[in-house]
Amino acid sequence: MAGFWRPERRNRNIGASHSGYSKSNDMRIPESWWDESVYYERLGSPKKHDVVIGDSEITILYQTPKEGFTYGCTPEDVIKFLTAANAFAPCLPDIIAFRQPTRKQIQQKGVWGRFVYFAEFGKHEGSAIILEAQGLRDKLLWSKRMSLDSRAEFNRLVADGHVFEEDKRHYHALLTETNIRNTLLYRTLPHELGHLAHYHQDVLNKATSLGEDFATSEDLYFSKPSSEREVFAHAFATKLGQQLRASGEIPFEPVSSTTSTNDD
């Protein structure tokens with residue numbers, strides 16, 4: 001049979017993911033067309049507690065973790081930590097949110113926590129630090145092929161108390177109540193405070209802001225590479241941790257959750 005020209009044979013992208021193949025089967029975090037909030041701003045009906053630390057009024061929103069999940073710390077633990085950190089941090093966030101992620105969110109975009117410059121949790125809005133529940137006995141899986149940043153984070157996890165074992169290609173560690181507490185309370189929380197401190201220094205503080213007006217300084221701040229903002233946050237968290245340990249403020253025994261909270 002005589003050959004004929006088939007243009008698709010000349011296109012090496014045919015059948016590749018970047019040409020659209022199998023895109024309809026992607027595992028994606030679903031978004032609702034009628035709800036403009038970001039998925040991590042949806043807490044259902046969290047318990048709410050307002051607290052004053054220094055000059056800051058903070059709203060704590062607490063979503064009860066599912067069975068088999070934990071935050072490793074209570075709202076009272078966070079209040080105690082922030083009270084001690086207040087002497088060293090230029091400002092505190094408007095909101096602390098304890099959030100239970102779904103399994104799909106953990107698989108796709110699993111994090112320990114995040115800082116949001118402006119978040120909206122229903123009628124509560126402002127700068128927010130979100131701490132995410134972690135699955136007890138879940139595995140931390142870390143490739144043996146690490147970049148410099150991955151190696152630094154691996155070393156930080158080891159310092160938090162995560163005990164890694166190795167197989168042919170990976171390091172893996174089981175999550176426990178203690179090491180989740182160490183990572184979330186003593187490292188993730190100060191790291192996210194570091195992002196707020198950086199934003200305060202470059203945007204909110206007129207004496208140190210990058211531009212003459214708010215819009216300019218904010219544009220300049222967000223034009224920085226994310227890696228630069230991460231370096232600042234890591235350095236801030238390290239210094240804060242050293243200061244609090246030197247003063248004997250951390251570590252401390254878990255504080256029982258006795259604060260009365262209201263659904264809101």
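The following questions and answers concern a predicted model.

Local features need pLDDT of at least 70 and side-chain atom pairs count only at pLDDT 80 or more, while totals for chains, interfaces and linings use all residues. Residues are numbered from 1 along each chain as its sequence is written, and side-chain values use heavy atoms, with hydrogens and water left out.

Student: How many helices and strands does the protein chain have?
Tutor: Helices (H or I, at least four residues) and strands (E, at least two) are DSSP runs, numbered from the N terminus. On that basis the protein chain has six helices and eleven strands.

Student: What share of the contacts in the protein chain between residues at least 6 apart in sequence joins residues at least 24 apart?
Tutor: Contact means heavy atoms within 4.5 Å. Among contacts between residues at least 6 apart in sequence, the share joining residues at least 24 apart is 68%.

Student: Is Glu153 buried or exposed?
Tutor: Glu153 lies in helix α3 (residues 148–159). Buried means under 20% relative accessible area, exposed over 50%, and partly exposed in between (1.4 Å probe, protein chains only). Because its relative accessibility is 16%, Glu153 counts as buried.

Student: How are α1 and α4 oriented to each other?
Tutor: Axes are lines fitted to C-alpha atoms, for helices over the stretch in contact, and angles run from 0 to 180 degrees between N-to-C directions. Helix α1 (residues 75–85) packs against helix α4 (residues 177–204) at about 45°, with the axes 11 Å apart. Angles under 35 degrees count as roughly parallel, over 145 as roughly antiparallel, 65 to 115 as roughly perpendicular and the rest as oblique. The two helices, α1 and α4, are therefore oblique.

Student: How do α4 and α6 compare by class of contact residue: how many are nonpolar, polar and charged?
Tutor: The axes of α4 and helix α6 (residues 226–246) come within 7 Å and cross at roughly 120°. The contact is made by residues including Arg187 and His191 of α4 and Phe232 and His234 of α6. Ala, Val, Leu, Ile, Met, Phe, Trp, Tyr, Cys and Pro count as nonpolar, Asp, Glu, Lys and Arg as charged, and the others, Gly among them, as polar. The contact of α4 with α6 has nine nonpolar, six polar and five charged residues.
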